[in-house]
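Student: I'd like to walk through a model with you, a few residues and helices at a time. Can we start with the terms and then get to the details?

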Amino acid sequence: MKPSVPLFRRGSSVTSQLGLSDRIFSSKDDRGLATGIDVGLEQVEASLLGEVTFADEVANVTSRYLLNAGGKRVRPMLALLTAHLGSGVLDDVVTAATAIEITHLASLYHDDVMDDAHQRRGVPSAQTVWGNSIAILTGDLLFARASQLMARLGERAIRLQADTFERLVLGQLHETVGPHDGEDPVEHYIQVLADKTGSLIAAAAQAGVIFSDAPDAFERPVVQFGEKIGVAFQLIDDVLDLSPQPEETGKFAGTDLRAGVATLPVLRLRERAPRDPGAAALLARLERDVMAPGAAAGVAADSAIAALREHDVTTQTLSEAHGWARDAVAALSPLPDGSVKKALTRFADTIVERSS
């Protein structure tokens with residue numbers, strides 16, 4: 001999937017990154033939760049540095065490349081957060097959170113090859129530095145290391161890792177192949193987002209419940225939350241991709257469209273085109289000046305992207321993202337009221353607030 005817009009910064013506390021210090025994390029219990037997560041993230045970071053280390057010199061350099069470039073650690077944070085529905089940040093929770101982050105890291109190596117991306121986390125992508133073969137093999141190596149970590153935690157963890165890995169691959173496969181004849185392109189696109197982004201976020205939240213010995217009844221709510229908030233996250237990215245301010249989004253306006261990716265605004269435009277001459281005209285401009293292989297950057301492309309940014313389909317996409325975020329929060333209703341539920345709700349708010 002396309003690179004994500006920065007949401008969290010390493011080196012800042014979870015409370016400050018989520019804006020919770022004053023707004024929500026005000027009670028003693030809430031502050032204790034925030035401190036526990038920050039301490040847990042330090043443990044995960046140390047674990048990552050230890051686990052993404054290989055005796056082979058080449059493997060050691062390539063596998064640590066994107067880790068050293070930084071990252072938001074959203075997935076470990078969610079695992080540590082949901083662990084407080086049980087016995088807190090136990091050693092097994094840290095191990096699972098580390099494995100899930102390594103899985104995410106591995107997927108970035110593969111994604112950048114599939115997307116022919118030239119940058120990741122502010123540095124040249126791995127395949128730009130070493131070529132496609134090394135990048136793919138590095139991703140494979142990291143997937144193997146993540147599986148080794150999960151194997152330490154028993155059969156339940158192995159099944160969670162295998163099921164999530166299968167969905168990641170299927171999501172990439174379906175994105176590459178595209179919708180079948182007669183398949184709804186929007187439904188296909190949403191399923192790709194759920195598989196490629198939602199599945200790993202859901203696995204992180206589920207791991208926190210499982211490995212903290214929290215009640216089984218809490219698993220389904222946090223899984224549903226993770227699936228839905230993952231879709232919301234990517235739909236917000238579709239809107240932000242059209243932003244004319246690269247210093248805020250981390251990429252130039254229309255990066256995904258210029259790579260030929262039909263994001264949700266384009267898919268909604270295609271739905272309207274048969275009955276809306278204005279939508280048809282804009283779609284033709286986008287497909288000719290922006291999305292066509294070899295389309296040149298310039299005034300025509302910039303103008304078409306700006307027109308899409310102002311079109312109602314982009315507003316519709318933003319509304320759909322908010323809907324997925326609301327559904328994610330609604331899925332949390334079976335959880336007990338308290339710090340964890342408040343923090344998850346604020347996390348959902350933070351996802352959609354990126355577009356404002």
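Predicted model: local features only at pLDDT ≥ 70, side-chain atom pairs only at ≥ 80, totals over all residues.

Student: Then is Glu51 buried or exposed?
Tutor: Glu51 sits in helix H3, which covers residues 28-51. Its relative accessibility is 15%, and the cut-off for buried is under 20%. So Glu51 counts as buried.

Student: Which residues does Glu51 touch, leaving out those up to four places away in sequence?
Tutor: A contact here means heavy atoms within 4.5 Å. With residues up to four places away set aside, the partners of Glu51 are Thr98, Ile102, Arg145, Leu149 and Arg152.

Student: And how far apart in space are Glu51 and Arg64, C-alpha to C-alpha?
Tutor: In sequence, Glu51 and Arg64 are 13 residues apart. In space, their C-alpha to C-alpha distance is 9.8 Å.

Student: On to helix packing: are H5 and H10 roughly parallel or roughly antiparallel?
Tutor: H5 spans residues 74-82 and H10 spans residues 185-210. They pack at an angle of about 30 degrees, with axes 6 Å apart. Angles under 35 degrees count as roughly parallel, so H5 is, relative to H10, roughly parallel.

Student: By class, how many nonpolar residues does the contact of H5 with H10 have?
Tutor: Gly is classed among the polar residues here. The contact of H5 with H10 has 1 charged and 2 polar residues, and its nonpolar count is 7.

Student: What about Asp213, buried or exposed?
Tutor: Asp213 is in the loop between H10 and helix H11 (219-240). Asp213 also has a positive phi of about 60 degrees although it is not a glycine. Its relative accessible area is 61%, and the cut-off is over 50%, so Asp213 is exposed.

Student: How many aromatic pairs are there?
Tutor: Ring centres have to lie within 6.5 Å for a pair to count. By this rule the count is 3.

Student: Is the pair of Phe143 and Phe165 tilted or stacked?
Tutor: The ring centres of Phe143 and Phe165 are 4.4 Å apart, with planes at 35 degrees. Planes under 30 degrees apart would count as stacked, so this pair of Phe143 and Phe165 is tilted.

Student: Which helices hold Phe143 and Phe165?
Tutor: The two residues are 22 residues apart in sequence, so the pair ties together those parts. Phe143 is buried at 8%, whereas Phe165 is partly exposed at 33%. Phe143 lies in H8 (residues 132-151) and Phe165 in H9 (residues 155-177).

Notes
Residues numbered from 1 in each chain as written. Heavy atoms only, no water. Axes fitted to C-alpha atoms, helices over the stretch in contact; angles between N-to-C directions. Helix = DSSP H or I, 4+ residues; strand = E, 2+ residues; numbered from the N terminus. Parallel < 35°, antiparallel > 145°, perpendicular 65-115°, else oblique. Buried < 20%, exposed > 50% of the residue type's maximum accessible area, 1.4 Å probe, protein only. Phe/Tyr/Trp six-rings, centres within 6.5 Å; stacked < 30°, edge-to-face > 60°.
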